Amino acid sequence: MIIPGIIISIGWSLAIYILLDKGVAPGEAMIRSNKATYGYKWTIFGVSFLLGLAFYVLMMIIFNIASGGFAMLLLFIIAIVYTVAALGCTAVIYRNLTAEAQPEATETAAEV
């Protein structure tokens with residue numbers, strides 16, 4: 001049940017943003033989120049996994065090198081940076097996957 005749970009959570013990961021941005025019902029936001037992430041779930045998983053792995057490695061390095069209150073301060077700062085980076089990645093994913101097609105400019109008579 002772990003792998004299907006991960007797949008569903010990635011599929012529904014943009015639902016709250018669609019709900020707030022587009023103003024649709026929660027069920028419709030989940031459906032739109034699943035459609036938007038279709039075909040990109042491995043990419044989203046990979047980005048999230050690499051970001052989490054980088055955070056974990058950096059956290060372990062600081063935890064083993066520093067001690068006391070200084071280590072806690074550094075870990076707190078890294079946690080804030082990780083949170084901002086994760087939200088930034090989610091924002092870019094949302095922007096790219098939910099962008100509506102822009103109408104192409106038509107030629108005007110003056111250009112011809």
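**Helices and aromatic pairs**

The axes of helix α2 (residues 15-22) and helix α5 (residues 68-98) come within 11 Å and cross at roughly 65°. Axes are lines fitted to C-alpha atoms, for helices over the stretch in contact, with angles from 0 to 180 degrees between N-to-C directions. In α2, Tyr17, Ile18, Asp21 and Lys22 meet Leu87, Thr90, Tyr94 and Thr98 of α5; contact means heavy atoms within 4.5 Å. The model is predicted: local features need pLDDT of at least 70, side-chain atom pairs count only at pLDDT 80 or more, and totals for chains, interfaces and linings use all residues. Residues are numbered from 1 along each chain as its sequence is written, and side-chain values use heavy atoms, leaving out hydrogens and water.

Now the whole chain. Its secondary structure comes to five helices and zero strands. Helices (H or I, at least four residues) and strands (E, at least two) are DSSP runs, numbered from the N terminus. Of the 112 residues, 19% count as buried. Buried means under 20% relative accessible area, exposed over 50%, partly exposed in between (1.4 Å probe, protein chains only).

Next, the aromatic rings. The structure holds four aromatic pairs. Rings of Phe, Tyr and Trp (its six-membered ring) pair if their centres lie within 6.5 Å; planes under 30 degrees apart count as stacked, over 60 as edge-to-face and the rest as tilted. Phe45 and Phe49 have ring centres 6.0 Å apart and planes at 20°, so they are stacked. Both lie in helix α4 (residues 41-65). Phe45 is partly exposed, at 33%.
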